[in-house]
Amino acid sequence: MTVQKTERPPSGPTEVQTPDGGPRPRGPRKDPERLAGLTPYLLLAPAIVATVLLLGWPLVNNGILSFQNLNMRQFILHLTEWNGFDNYKEVLTGEDFWRVTGRSVVFTAANVVLIMILGTLVGLLLARLGRKMRTLLMVGLVLAWAMPVVASTTVYQWLFAQRFGVVNWILAKIGFESMADHDWLATQYSTFFVVLLLIVWQSIPFVAINLYAATTTIPKELYEAAALDGAGAWKQFTQVTLPYLRPFLYATTFLEIIWVFKAFVQVFTLNEGGPDRLTEILPVYAYIEGMGNQHFGMGAAIALLTILILLAITSYYLRIVLKQEEDEL
């Protein structure tokens with residue numbers, strides 16, 4: 001009698017075949033498309049973590065302080081006295097906060113308008129200059145832009161000093177003898193004039209360099225076609241240059257609004273919000289009420305309200321920009 005031998009199946013995992021008869025790879029296979037979709041989030045993760053730690057936590061801590069009655073006594077004794085919304089009520093029902101808020105809005109608007117006009121003109125000038133003159137002007141702009149804010153403010157204090165100031169000396173030399181001992185920081189409007197010159201001077205390089213970079217993206221063929229159609233310089237600017245520059249102008253204006261609105265260093269370093277606190281803007285007002293008068297809870301409330309006002313202004317500006325872009329489409 002013959003015994004038929006049957007082959008024993010292998011003890012390892014069986015190979016599963018696909019419908020077309022080919023072998024299917026063993027084990028789970030990572031989907032490359034899924035990994036590609038996660039790559040942007042993984043790259044953004046360090047920046048998000050750093051932002052939350054460096055900006056998020058101080059903001060939360062500031063919000064907690066705004067609901068406390070915190071002065072030097074509570075600070076030294078480590079006492080926590082919660083007073084709810086009393087700090088916000090005192091701020092919002094007082095005249096000083098609304099006066100400073102209106103002053104800050106007007107101050108920001110005046111600076112941003114001048115910065116954008118002059119910066120755009122300088123940017124267009126860079127596009128028309130020769131290579132050597134453009135390089136020389138770019139170096140000057142970068143040096144002005146790179147100067148620390150405190151250093152440039154100190155230079156302006158020296159330029160507009162009552163005694164031994166360069167500006168008063170030049171005005172006296174050209175015939176304005178009454179300006180020889182003029183105190184530029186003695187009145188509200190003259191102080192704001194000096195601060196405005198300082199901030200505009202600091203901001204023009206950023207706008208000019210951005211706008212010059214934007215002009216390099218405009219095809220030269222468009223200018224040649226406009227010239228063949230008989231368009232002059234103004235027509236070429238409004239029909240060719242301006243449409244290409246409009247997105248850059250929107251973005252730069254948005255950044256300048258934020259930067260000017262929170263210009264604490266220039267105002268405080270120049271005259272500490274004086275004379276008689278008439279040149280205080282919201283960041284300076286929050287610092288003086290919080291650190292100067294040692295009402296830390298009040299200062300925290302003003303700082304948080306300042307952030308909310310800035311968010312409201314920027315969101316309103318973004319709505320206008322988005323609406324204009326929708327109308328153009």
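What does the accessible surface of the chain come to, and what share belongs to carbon and sulfur atoms? I looked this up before anything else. The surface comes to about 21800 Å². Carbon and sulfur atoms account for 66% of that surface. I note here that the model is predicted.

**Entry: the whole chain**

I listed the elements next. The chain has 13 helices and zero strands. Read from the N terminus on, the elements run α-α-α-α-α-α-α-α-α-α-α-α-α. I then checked burial. Of the 329 residues in the chain, 33% are buried. I also looked at how far apart in sequence the contacts reach. Among contacts with a separation of 6 or more, 64% join residues 24 or more positions apart.

**Entry: how I describe a helix pair**

Two packed helices are described by the angle between their axes and the distance between the axes.

**Entry: α4 and α10**

Helix α4 covers residues 95-128. I found α4 packed on α10 at an angle of about 140 degrees, with the axes 10 Å apart. The two helices are therefore oblique to each other. The crossing of α4 past α10 is right-handed. I wrote down who meets whom. From α4 come S104, F107, T108, N111, V112, I115, M116, T120 and L124. From α10 come F237, T241, L245, L249, T252, T253, E256, I257, V260 and F261. By class, the residues of this contact are 11 nonpolar, seven polar and one charged.

**Entry: α9 and α10**

I stayed with α10, which spans residues 233-261. Helix α9 spans residues 220-228. The axes of α9 and α10 come within 10 Å and cross at roughly 160 degrees. How is α9 oriented to α10, parallel or antiparallel? The angle is over 145 degrees, so α9 is roughly antiparallel to α10. The crossing is right-handed. On the α9 side the contact uses L222, Y223, A226 and A227. On the α10 side it uses Q236, V240, T241 and Y244. I sorted these into six nonpolar, two polar and no charged residues.

**Entry: T241**

T241 had turned up in the α4 contact and in the α9 contact, and I looked at this residue on its own. T241 lies in helix α10. Is T241 buried or exposed? Its relative accessible area is 7%. The cut-off for buried is under 20%, so T241 counts as buried. Leaving out residues up to four places away in sequence, T241 touches L124, I218, Y223 and Q236. L124 belongs to the α4 side of the α4 and α10 contact. Y223 belongs to the α9 side of the α9 and α10 contact.

**Entry: α6 and α8**

I moved to another pair. Helix α6 is residues 149-159 and helix α8 is residues 188-215. They pack at about 135 degrees, with their axes 11 Å apart. α6 and α8 are therefore oblique to each other. Their crossing is right-handed. In α6 I noted V149, S152, T153 and Y156. These meet V194, L197, L198, W201 and Q202 in α8. The contact divides into six nonpolar, three polar and no charged residues.

**Entry: A144**

W201 came up again when I checked A144. A144 is found in helix α5, residues 131-146. Which residues does A144 contact, once neighbours within four places in sequence are left aside? They are W201 and P205. A144 and P205 are 61 residues apart in sequence. In space their C-alpha atoms are 7.2 Å apart. A144 is buried, with a relative accessible area of 13%.

Technical notes
Residues numbered from 1 in each chain as written. Predicted model: local features only at pLDDT ≥ 70, side-chain atom pairs only at ≥ 80, totals over all residues. Heavy atoms only, no water. Axes fitted to C-alpha atoms, helices over the stretch in contact; angles between N-to-C directions. Helix = DSSP H or I, 4+ residues; strand = E, 2+ residues; numbered from the N terminus. Parallel < 35°, antiparallel > 145°, perpendicular 65-115°, else oblique. Left-handed = near helix turned anticlockwise from the far one by under 90°. Contact = heavy atoms within 4.5 Å. Nonpolar A, V, L, I, M, F, W, Y, C, P; charged D, E, K, R; others polar. Buried < 20%, exposed > 50% of the residue type's maximum accessible area, 1.4 Å probe, protein only. Areas by Shrake-Rupley, 256 points an atom, 1.4 Å probe, with all protein chains shown as cover.
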